[in-house]
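Visitor: Please take me through this model by way of its terms, setting each value against the definition behind it.

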Amino acid sequence: MGSVVQNDKSRSFGVSVSRIRGGLAVLAVAAIASGCTPSDGPAVRPAPGQQPLKAAPARALDSYATKLRASARIAKRWGLARVPLAPPAPPAKKPRITTRKGFEVDGHEEKGLPPVFTTIPTRDKVVFLTIDDGAEKDPAFLRMMSELKIPYTAFLSDYLVKEDYGYFKRMRDAGVGLNNHTLHHPYLPGLSYARQKREICGMQDVIEKRYGKRPLLFRPPFGNYNEDTLRAAKSCGVKYAPIWNEEVFVDRWDYREWDRKIRPGDIVLSHFRGREEWKGTMPDMIRRFLNKITAEGYAVARLEDYL
């Protein structure tokens with residue numbers, strides 16, 4: 001039986017506030033002149049100062065401008081070069097997920113084993129952020145992701161998350177998907193089927209007990225697996241086995257593809273790590289991640305929304 005082994009302070013925020021204010025002023029005057037003056041009476045000059053925006057287009061533009069200014073402030077507070085792009089709405093028709101060519105095990109499709117993939121087939125200019133294991137439990141990371149409204153998917157190992165189950169409950173309450181990365185993060189192809197099943201199904205039980213939902217996603221540690229791995233995962237409810245196409249660290253990116261380019265639908269890996277193992281913090285890693293993908297015109301979407 002073959003195994004699959006992986007090689008493992010001046011910034012512009014895109015919108016000028018003075019332009020927004022100027023546009024609003026023009027629109028407000030136009031609204032007053034056209035919609036707020038009685039047809040049978042003399043024109044009334046507006047009083048000095050800011051006027052209420054009664055026309056619907058003016059109110060909508062004012063609301064949009066307010067949101068842009070707030071987004072710019074948040075992005076600046078977290079040290080980002082630009083405001084992250086918003087992803088499109090989740091697809092009404094989910095893409096068909098298949099195993100990436102060369103990542104199959106014997107009889108993969110015939111046996112109905114969970115597909116192993118590195119990229120979601122989509123034309124949307126989005127990437128998917130996934131974060132593994134659970135070693136670092138940085139409150140600043142949770143605040144950053146919540147304030148910036150960046151979706152991500154976590155793959156957890158119990159020997160690390162059990163130090164603070166509550167940290168990941170806060171993550172779940174914020175809408176983050178909590179998924180399976182085994183109990184102890186072993187090299188699975190080196191284990192028997194029975195031991196692999198204990199590692200994978202045991203973690204299914206932990207997540208269900210602690211967080212109320214049995215995961216559908218499983219990521220094998222190090223990206224290494226064999227047929228027994230996928231059979232064991234399927235036996236306890238796993239539907240998908242996503243791995244990754246890029247990996248981001250505090251100080252660099254690593255790429256699976258030879259041309260070192262990000263593509264629509266790519267799954268990006270990172271880890272819950274801090275200064276003990278990295279040259280920085282998790283917010284530092286997120287800053288590097290967001291600055292690059294935003295500069296290249298990509299938004300971050302939620303992986304589960306495409307499955």
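Guide: Tyr165, Phe168, Lys169 and Arg172 in H5 meet Val206, Arg210 and Tyr211 in H6, where contact means heavy atoms within 4.5 Å and where helices (H or I, at least four residues) and strands (E, at least two) are DSSP runs numbered from the N terminus. The model is predicted, so local features need pLDDT of at least 70 and side-chain atom pairs count only at pLDDT 80 or more, while totals for chains, interfaces and linings use all residues. Residues are numbered from 1 along each chain as its sequence is written, and side-chain values use heavy atoms, with hydrogens and water left out.

Visitor: What makes H5 roughly perpendicular to H6?

Guide: The axes of H5 and H6 come within 11 Å and cross at roughly 75°, each axis being a line fitted to C-alpha atoms, for helices over the stretch in contact, with angles running from 0 to 180 degrees between N-to-C directions. Angles of 65 to 115 degrees count as roughly perpendicular, under 35 as roughly parallel, over 145 as roughly antiparallel and the rest as oblique, and H5 is therefore roughly perpendicular to H6. The residues of this contact divide into four nonpolar, no polar and three charged, with Ala, Val, Leu, Ile, Met, Phe, Trp, Tyr, Cys and Pro taken as nonpolar, Asp, Glu, Lys and Arg as charged, and the others, Gly among them, as polar.

Visitor: Why is the pair of Tyr165 and Tyr211 called edge-to-face?

Guide: Rings of Phe, Tyr and Trp (its six-membered ring) pair if their centres lie within 6.5 Å, and planes over 60 degrees apart count as edge-to-face, under 30 as stacked and the rest as tilted. Tyr165 and Tyr211 stand 6.5 Å apart centre to centre with 70° between their planes, and the pair is edge-to-face. Tyr165 lies in helix H5 (residues 165-173) and Tyr211 in helix H6 (residues 193-211), so the pair ties together parts that are 46 residues apart in sequence.

Visitor: Are these two tyrosines buried or exposed, and how do you know?

Guide: Buried means under 20% relative accessible area, exposed over 50%, and partly exposed in between (1.4 Å probe, protein chains only). Tyr165 has 17% and is buried, and Tyr211, with 8%, is buried as well.

Visitor: What makes the pair of Trp253 and Tyr255 stacked?

Guide: The ring centres of Trp253 and Tyr255 are 6.2 Å apart and the planes lie at 20°, so the pair is stacked. Trp253 is buried, with a relative accessible area of 7%.

Visitor: How do you know that Lys292 lies over the face of Trp253?

Guide: A charge sits over a ring if NZ of Lys or CZ of Arg is within 6 Å of the ring centre and within 35 degrees of the ring normal; Lys292 is at 5.9 Å from the ring centre of Trp253. The charged end of Lys125 likewise sits over the ring of Tyr298, 4.9 Å from its centre.

Visitor: Lys149 and Thr182 are residues other than glycine with positive phi; which of them is buried and which exposed?

Guide: Lys149, with phi near 60°, lies in the loop between helix H3 (139-148) and strand E4 (153-156) and is exposed at 69% relative accessible area. Thr182, with phi near 75°, is found in the loop between strand E5 (177-180) and H6 and counts as buried at 0%.
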